[in-house]
Amino acid sequence: FNGQQGGILNLFNMFSGGALSRFTVFALGITPYISASIIMQLMAYVVPAFEQMKKEGEAGRRKITQYTRYGTLGLALFQSFGIAVALESSQGLVIDPGFGFRMTAVVSLTAGTVFLMWLGGPITER
């Protein structure tokens, strides 16, 4: 990462608190969930169906939460694929680049985000 000063990987590493440079499973953190939550809140004002769900009370809130989780999964897949491609493009960082590395990185980073989202569920309910 020292050779990537000013690059996109360095920027993402800064936002993840250095987790990317340590190659942790939780490098994405909960940022995909936060982004999906913001998108769903904005959709509630733009799309009439989401606005109706918002007015339905508890059942609507649960449905919006479910859609937020699906959106989190999609964003985590997209972001982890981007990280895998960016890591491959760095010279000497990945020993065996290719489809196997990309799949392993995408599954690992997405699983870390889904685990953090699952862990935050009971905390939010309390």
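**Close-up 1. The second largest pocket has a volume of about 210 Å³.** This view, like those that follow, comes from a predicted model. Thirteen is the count to look for here: 13 residues line the second largest pocket, and Phe 23, Leu 87, Phe 101, Ala 105 and Leu 109 are the ones nearest its centre. Two elements, α4 (58–89) and α5 (99–125), each give two or more residues to this lining. Of the elements, α5 contributes the most, with five residues. Sorted by class, the lining of the second largest pocket holds 10 nonpolar and three polar residues, with no charged ones.

**Close-up 2. Glu 88 sits in helix α4.** Once neighbours within four places in sequence are set aside, the contacts of Glu 88 are Val 94, Pro 97, Gly 98, Phe 101 and Arg 102.

**Close-up 3. Helix α2 (residues 31–46) crosses helix α3 (residues 48–55) at roughly 105°.** The two axes come within 6 Å, and the helices are therefore roughly perpendicular to each other. From α2, the contact takes in Met 40, Met 43, Ala 44, Tyr 45 and Val 46, while α3 brings Pro 48, Phe 50, Glu 51 and Lys 54. By class, this contact of α2 with α3 counts seven nonpolar and two charged residues, and no polar ones.

How values were computed:
Residues are numbered from 1 along each chain as its sequence is written. This is a predicted model: local features need pLDDT of at least 70, side-chain atom pairs count only at pLDDT 80 or more; totals for chains, interfaces and linings use all residues. Side-chain values use heavy atoms; hydrogens and water are left out. Axes are lines fitted to C-alpha atoms, for helices over the stretch in contact, and angles run from 0 to 180 degrees between N-to-C directions. Helices (H or I, at least four residues) and strands (E, at least two) are DSSP runs, numbered from the N terminus. Angles under 35 degrees count as roughly parallel, over 145 as roughly antiparallel, 65 to 115 as roughly perpendicular and the rest as oblique. Contact means heavy atoms within 4.5 Å. Ala, Val, Leu, Ile, Met, Phe, Trp, Tyr, Cys and Pro count as nonpolar, Asp, Glu, Lys and Arg as charged, and the others, Gly among them, as polar. On a 1 Å grid over the protein atoms alone, a cavity is a set of points where a 1.4 Å probe fits but cannot get out, and a pocket is an open set with protein on both sides within 12 Å along at least five of seven lines; lining residues have an atom within 4 Å of a point. Grid points are joined across faces, edges and corners, and a volume is the space filled by probe spheres set on the points.
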